[in-house]
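Open the structure in your viewer and keep the selection tool ready. We will go stop by stop.

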Amino acid sequence: MSIAVIGAGKWGQALQFALSRNFTCKITSRQTKPLENFVSLEEALKCEYLIFALPAQVVRGWLEAHFTFSGQKILVAAKGIEQGSGAFLNEIFAKHVPEDHLSFLSGPSFASEVMQGLPTAVVINSINETLSKEFAAFFPSFIKTYTSKDVIGAEVCGAYKNVLAIASGICDGLKLGNNARASLIARGLVEMRRFGKFFGAQDETFLGLSGAGDLFLTASSTLSRNYRVGLFLAEGKKLDDILVALGEVAEGVFTSEAIFELSGKHTIYTPIAHEIALILKGKEPRMSVKDLLAD
């Protein structure tokens, strides 16, 4: 048995840290880093189990450039919807990997807290229950694992919560109060469910770790880069400057545009995500608050 993490950003390193508690877990990235068990991409791709911790927006290009399926079992740890195409990650991976070799990680899991060994719970989602259980067995005791077959539900939750985290950051940055933030998150959960149901997601997914759990976490803490994007937008900072200062990928920025396009195409009512997309294009946040209250 051999395991490798593809992508050595904070999340990739956190996953390697967690899986290395009980197993030897390799890690690779495009840049050489002084990490334990860091290997070349060629060596990593020879592993039986691969965990993809790449930013969602680079997945398609990376797979086309570097990946040839040779029986590997894959856990996708990225969260997002591809900007431009509106493709979900399972659709992108399906062009390169058989569906029964794919699984998707979801649930509340800040990288910094995983690196401290603090307890949390996650879900491994796959149509192949045996595969889900195999990956679940790799996680250490401080991470409780559940399994689910609702891949699209997990994908929608993981992507949509980042957009709602931007909204929550804006709400707090504008000092609108606890009532406003609670209302925003609650209605955001309803909106996320409405969007997901259109694509075939299951109701229970939105009330569990993948949905409410990850949303509550990401929309209420400065450890969330998407939440911080919202705080900075509320201060009147330009998006380009925010992303440079952040120094990390904020998936919600790209996913908001994808949801905006998909919602328009399929006539799905997504008012919060709609306003976030407009704010990222330059709309004044307080005008969006006014419009949401009037809608």
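Ala, Val, Leu, Ile, Met, Phe, Trp, Tyr, Cys and Pro count here as nonpolar, Asp, Glu, Lys and Arg as charged, and the others, Gly among them, as polar. Keep in mind that this is a predicted model.

**Stop 1: the largest pocket**

Select G9, K10, W11, A53 and R225. Of the 47 residues lining the largest pocket, these are the closest to its centre. The volume of this pocket is about 1,400 Å³. What classes of residue make up its lining? There are 19 nonpolar, 18 polar and ten charged residues.

Now colour helix 1 (10-19). Helix 1 gives the most to this lining, five residues. Other helices supply at least two residues each, among them helix 3 (59-66) and helix 5 (111-115).

**Stop 2: helix 3**

Stay with helix 3 and select V59, R60, W62 and L63. These are its buried residues. They cover an arc of only 165° around the axis, so they sit on the same side of helix 3. An α-helix has 3.6 residues a turn, so residues three or four places apart point the same way.

What do the buried residues of helix 3 pack against? Show strand 1 (3-6), helix 2 (41-44), strand 3 (49-52) and helix 4 (89-94): those are the partners. Then turn to the face directed away from the buried side. E64 and A65 are exposed there.

**Stop 3: the largest nonpolar core**

Select F195 and V229. Of the 41 residues in the largest nonpolar core, these two touch the most other members. Which helix supplies the largest share of this core? Helix 7 does, with eleven residues.

Zoom in on V229. Set aside its neighbours within four places in sequence, and V229 is in contact with I166, L239, I242, L246, A250 and V253.

A second, separate core has 27 residues. Pick out A18, I27, L131 and I143, which are included in it.

**Stop 4: the second largest pocket**

Select L184, I272, V289, L292 and L293. Among the 22 lining residues of the second largest pocket, these lie nearest its centre. This pocket has a volume of about 490 Å³.

Highlight helix 7, helix 8, helix 14 and helix 15 (285-294). Each supplies at least two residues of the lining. The largest share, six residues, comes from helix 8. By class, the lining divides into 15 nonpolar, two polar and five charged residues.

Technical notes. Residues are numbered from 1 along each chain as its sequence is written. This is a predicted model: local features need pLDDT of at least 70, side-chain atom pairs count only at pLDDT 80 or more; totals for chains, interfaces and linings use all residues. Side-chain values use heavy atoms; hydrogens and water are left out. A nonpolar core is a set of buried Ala, Val, Leu, Ile, Met, Phe, Trp, Tyr and Cys residues joined through side-chain atoms within 4.5 Å. Buried means under 20% relative accessible area, exposed over 50%, partly exposed in between (1.4 Å probe, protein chains only). Helices (H or I, at least four residues) and strands (E, at least two) are DSSP runs, numbered from the N terminus. Contact means heavy atoms within 4.5 Å. On a 1 Å grid over the protein atoms alone, a cavity is a set of points where a 1.4 Å probe fits but cannot get out, and a pocket is an open set with protein on both sides within 12 Å along at least five of seven lines; lining residues have an atom within 4 Å of a point. Grid points are joined across faces, edges and corners, and a volume is the space filled by probe spheres set on the points. The arc is that of the directions from the helix axis to the C-beta atoms.
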